[in-house]
Amino acid sequence: MKKITIVLDGVADRPNPALGGRTPLEYAQTPNLDALAAKSEMGLVRTIPPGMEVGSAVGNLSMLGFDPSGYRGRSFIEAAGLGLPINEDDLYVRVNFVTLEGDSLQESQIRSYSAGDISTEQAAPIAEELAANVFEDPFNLIYCGSFRSTLIVKDGRKLYPVELAPAHDIIGQPLGPYLERMKENAPELKELLERAWEQLQNTGTPVNGIWFWGASIVPDIHGDTDGRIALSETLLMDGITKIAGIPNIGTEREGRSYEDFLEEKLRRTLEVLPDYDRLYVHFQETDDQAHELDPVAKARAIEAFDRVFLPRFLQALEGSDYTITLAGDHFTFSDSGAHGGDPVPYIYYDSRSEQSHSRRLTEKEGAATGIYWEAKDLMQRP
């Protein structure tokens, strides 16, 4: 029997005026997902244990059925996914190219956490100049594509933990208070931010600053990997699967339509479907659009998944015994770009025992069932 997990990253949301007071899940037209939900158990699942970092790292570890308590920050995981130099004595920090508004760094706020999702072609030479002119031993800036870089601090493990706010969680907020906290916790990083800001004021691109977050050290990630494969497209998932020892097939999103991306992802998923019993299929677009504060685009991404991927994937499963668990990994709010850690709605479909009801997969209808799971328990169901 096949056991399939589908994660629409950050799909859960709250009502938004741009959608007539509905959430993207409520607003989206999803006939195929609705038909599957009507045959499935529905409820809420907690993907973020209390007190843990609210984000895709913890959420996806939970949905993979792993114990997220061994998580030690995001950037090391992404570095592992890229095959960067790994040393247990070093500190790893995620670096975003950002677009800032304000006359000084202290008075600025983040307008775009990704510098308008800048292309690799534009960003690579900027990163090269930044690495040469601002960062020196023990700081090594390594460019990772698009708006992302990794900062490796040699022998920096002793600095962990470092409290750094994710760029996508503080869009539109004054940076002053966060910089003051950085001055107290990691003054060397604050100085680098200031030097980078001076360097980046005339790039001719949306990049006019950087932001540090996700400071991390070597994690302790363990879980059952037997018969498993993942299909995802983020550095984070590349790293999680590499550390855990799960094969991962990526699909490149940059530079093409989401529909074209989904077509290729579907093809790759169907190619491996006969050879694996446990598939973990992860989609990032819903989270990205929420971080861009675009609830309509988020709803359209849900509709594209429903239209392009889901029906042919389900058709390929016909005649076999299988389960599908479909959920987000956390909330991502389209009105602020921030993450939320409340339990998210899920559906659990078992081809051996179909249910029959009229509910859709939405935040309200998931809560209305009164059914609740911890992610580790939901993922261990037979």
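Thr 251 lies in the loop between strand E9 (248-250) and helix H9, where helices (H or I, at least four residues) and strands (E, at least two) are DSSP runs numbered from the N terminus. With a relative accessible area of 7%, Thr 251 is buried, a term that means under 20% relative accessible area, against over 50% for exposed and partly exposed in between, with a 1.4 Å probe and protein chains only. Not counting residues up to four places away in sequence, Thr 251 touches Ser 232, Glu 233, Arg 256, Phe 261, Glu 264, Lys 265 and Arg 268, contact being defined as heavy atoms within 4.5 Å. The model is a predicted one, in which local features need pLDDT of at least 70 and side-chain atom pairs count only at pLDDT 80 or more, while totals for chains, interfaces and linings use all residues. Residues are numbered from 1 along each chain as its sequence is written, and side-chain values use heavy atoms, with hydrogens and water left out.

Ser 40 is found in the loop between helix H2 (31-37) and strand E2 (41-46), and at 0% relative accessibility Ser 40 counts as buried. Its contacts, not counting residues up to four places away in sequence, are Ile 347, Tyr 348, Tyr 349, Gln 355 and His 357. Tyr 348 also has Arg 381 over its face, at 3.9 Å from the ring centre; a charge sits over a ring if NZ of Lys or CZ of Arg is within 6 Å of the ring centre and within 35 degrees of the ring normal. Arg 14 likewise lies over the face of Phe 333, at 3.8 Å from the ring centre.

Rings of Phe, Tyr and Trp (its six-membered ring) pair if their centres lie within 6.5 Å, and planes under 30 degrees apart count as stacked, over 60 as edge-to-face and the rest as tilted. By this rule there are nine aromatic pairs. The ring centres of Phe 76 and Tyr 92 are 5.1 Å apart and the planes stand at 90°, so this pair is edge-to-face. It links distant parts of the chain, with Phe 76 in helix H4 (residues 75-82) and Tyr 92 in strand E3 (residues 91-101), 16 residues apart, and both Phe 76 and Tyr 92 are buried. The rings of Phe 283 and Phe 309, with centres 5.0 Å apart and planes at 75°, are also edge-to-face. Here strand E10 (residues 278-283) holds Phe 283 and helix H11 (residues 295-317) holds Phe 309, 26 residues apart. Phe 283 and Phe 309 are both buried, and together with Phe 305 and Phe 313 they form one aromatic cluster.

The largest pocket has a volume of about 890 Å³. On a 1 Å grid over the protein atoms alone, a pocket is an open set of points where a 1.4 Å probe fits, with protein on both sides within 12 Å along at least five of seven lines, and lining residues have an atom within 4 Å of a point; a volume is the space filled by probe spheres set on the points, which are joined across faces, edges and corners. Of the 40 lining residues, the closest to the centre of the largest pocket are Phe 147, Arg 148, Glu 233, Gln 284 and Asp 288. The largest share of this lining, five residues, comes from H10.
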